[in-house]
Amino acid sequence: MTIHIESLHLEENRDFTKEINEKIEHLGKKYPMIHQTNIVLRKEKSDVQKSCFLSAKVAIPGRTLFASEGQSDFRTAFDKVLQDLENQLKKTKELMQEKR
């Protein structure tokens, strides 16, 4: 599984990048059908509380799953995106098993 992390308009935080990699790798072990994951972190310059945006695309055979979230910090946004992706992967896996 390949993991790409892109940071727009902010400096890279190595600890957070490592945390993202670890959690995505764990997700990949739970759902080995994942081929590639792209994570984009974007910081908006505004007075709005939800100025940290994180989006993720997960490539699996025949589909691309997507989740995004805006929060006041990236860790909260990532946790919500990760939960959303896990729910989508669970549903997709169940559908694939029903087709068999």
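**Exercise 1. The hairpin**

In this predicted model, find which residue in E4 stands opposite Val 58.

*Solution.* 
Step 1. Go to Val 58 and look across to E4: the residue standing opposite is Leu 65.
Step 2. Place the strands. E3 covers residues 52-60 and E4 covers residues 63-71.
Step 3. E3 and E4 pair in the antiparallel sense, over nine bridges.
Step 4. Look at the link. Two residues lie between E3 and E4, and the strands form a hairpin. Gly 62 sits in the turn, with a positive phi of about 80°.

**Exercise 2. Two helices**

Decide how H1 and H2 are oriented to each other: roughly parallel or roughly antiparallel?

*Solution.* 
Step 1. Two packed helices are described by the angle between their axes and the distance between the axes.
Step 2. Read both values. H1 (residues 14-30) packs with H2 at an angle of about 10°, and the axes are 11 Å apart.
Step 3. Apply the cut-off. Angles under 35 degrees count as roughly parallel. H1 and H2 are therefore roughly parallel to each other.
Step 4. Name the residues that meet. From H1 they include Phe 16, Ile 20 and Leu 27; from H2 they include Phe 78, Leu 82 and Leu 89.
Step 5. Sort the contact by class. It has eight nonpolar, no polar and eight charged residues.

Notes
Residues numbered from 1 in each chain as written. Predicted model: local features only at pLDDT ≥ 70, side-chain atom pairs only at ≥ 80, totals over all residues. Heavy atoms only, no water. Pairing = 2+ DSSP bridges. Helix = DSSP H or I, 4+ residues; strand = E, 2+ residues; numbered from the N terminus. Axes fitted to C-alpha atoms, helices over the stretch in contact; angles between N-to-C directions. Parallel < 35°, antiparallel > 145°, perpendicular 65-115°, else oblique. Contact = heavy atoms within 4.5 Å. Nonpolar A, V, L, I, M, F, W, Y, C, P; charged D, E, K, R; others polar.
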